[in-house]
Amino acid sequence: MTNLILASSSPRRKELLENLQLTFEVCSSDVDESYNPQLAPGDIVMVLASRKAQAVSSKHVDSFVIGSDTVVVSEENILGKPKDSDEAFAMLKNLSGKKHSVYTGVSIISPEKERTFFVKTDVVFWELTDEEIHSYINTGEPFDKAGAYGIQGIGATLVKEISGDYFAVVGLPLSKTVRALQEAGYKLSY
Ligand SMILES: Cc1cn([C@H]2C[C@H](O)[C@@H](COP(=O)(O)OP(=O)(O)OP(=O)(O)O)O2)c(=O)[nH]c1=O
């Protein structure tokens, strides 16, 4: 029996976790991703990560469940996934030539307890021309990603500097996640 479940439909989170050669299943959480905009960004991603983990944990009570959520924060604006090209353009224009922060929340629910935390990573973008932004949007890469970019793909070329956990920007801070799993009683097979 697999006792580790990733409560996510994100192909990136699955690929990240696969790097660690753990045996796990993926269950899509499908929860309402609305949140109270008064909350601080770290609290928003923790609330959403916990909601995703709880939705799956309630059906798999004997498993360790990982839920996660990522948002991009630029000058107080919280950027999720763009709905269309116009929104993607507005997000990338907003990020151009500046520093922003990527917040990723992780919630681990074990048969006994829940442990939820967040990681903040600072990213600096090069100054982008409108033409560069349009070309990037035309690749299709921005659409299912918070802040309208993927640092693991062509989006890497937009990034001048990163300070913090690269994996957290992609969607799951691997090292802290595994440590939290172990603290919750999960035994690694290697
Ligand atoms: C900033 C950034 C985000 N992202 C992705 C990670 C997440 O998949 C997505 C943020 O949306 P999320 O709502 O966190 O996740 P999701 O809807 O894709 O998946 P699920 O809720 O089922 O777990 O943005 C990248 O892939 N690369 C990046 O550089």
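Guide: One term to start: two residues are in contact if their C-beta atoms, placed from the backbone, lie within 7 Å. By that rule, and leaving aside neighbours within four places in sequence, Leu 95 is in contact with Ser 74, His 100, Phe 125 and Gly 147. Keep in mind that this is a predicted model.

Visitor: Which element holds Leu 95?
Guide: Helix 3, residues 85–95.

Visitor: And is Leu 95 buried or exposed?
Guide: Buried. The cut-off for that is 20 or more other C-beta atoms within 10 Å. Leu 95 has 26 C-beta neighbours inside 10 Å, so it counts as buried.

Visitor: How far is Leu 95 from Ile 162?
Guide: Their C-alpha atoms are separated by 14 Å. Along the chain, the two are 67 residues apart.

Visitor: Zoom out. How many helices and strands does the protein have?
Guide: Six helices and seven strands. From the N terminus on, the order is β-α-β-α-β-β-α-β-β-α-β-α-α. The radius of gyration is 17 Å, close to the 16 Å that the globule rule gives for 190 residues, so the protein is as compact as a globular protein of that length.

Visitor: What box do the C-alpha atoms fill?
Guide: Roughly 50 × 35 × 25 Å, taken along the principal axes. Of the 190 residues, 38% count as buried. Take contacts between residues at least 6 apart in sequence: 68% of them join residues at least 24 apart.

Visitor: New topic. Which residue does UniProt list for "active site"?
Guide: Asp 69, and the UniProt entry is unreviewed. In the model, Asp 69 is found in strand 3, residues 64–74.

Visitor: Let's do helix 2. What span should it have, and what does it have?
Guide: Helix 2 has 17 residues, 41–57, so at 1.5 Å a residue it should span 24 Å. Its end C-alpha atoms are 24 Å apart, which agrees.

Visitor: Which residues of helix 2 are buried?
Guide: Among them are Val 45, Leu 48, Ala 49 and Lys 52. The cover over the buried residues of helix 2 includes strand 1, strand 3, strand 4, strand 5 and strand 6.

Visitor: Now the ligand. How many residues surround it?
Guide: There are 25. The closest are Ser 8, Ser 9, Ser 10, Ile 151 and Gly 171. By class, the shell has seven nonpolar, eleven polar and seven charged residues.

Visitor: Which element supplies the largest share of that shell?
Guide: Strand 3, with four residues. Helix 1, strand 3 and helix 5 each supply at least two.

Visitor: Last one, backbone. Where does phi take a positive value in a residue other than glycine?
Guide: Two cases to look at. Phi of Asp 30 is near 50°, and phi of Ala 148 is near 70°. Most residues other than glycine have a negative phi.

Visitor: Where do Asp 30 and Ala 148 lie?
Guide: Asp 30 is in the loop between strand 2 and helix 2. With 11 C-beta neighbours inside 10 Å, Asp 30 counts as exposed. Ala 148 is in the loop between helix 4 and strand 7. Ala 148 has 29 C-beta neighbours inside 10 Å, so it counts as buried.

How values were computed:
Residues are numbered from 1 along each chain as its sequence is written. This is a predicted model: local features need pLDDT of at least 70, side-chain atom pairs count only at pLDDT 80 or more; totals for chains, interfaces and linings use all residues. UniProt positions are given in the numbering used here, feature names are shortened, and annotations may be inferred rather than shown by experiment. A residue is near a molecule or strand if its C-beta atom, placed from the backbone, lies within 6 Å of it. Ala, Val, Leu, Ile, Met, Phe, Trp, Tyr, Cys and Pro count as nonpolar, Asp, Glu, Lys and Arg as charged, and the others, Gly among them, as polar. The expected span of a helix is 1.5 Å times one less than its number of residues. A residue is buried if 20 or more other C-beta atoms lie within 10 Å of its own, exposed if 12 or fewer, and partly exposed in between; C-beta atoms are placed from the backbone. The radius of gyration is taken over C-alpha atoms; the globule rule is 2.2 Å times the number of residues to the power 0.38.
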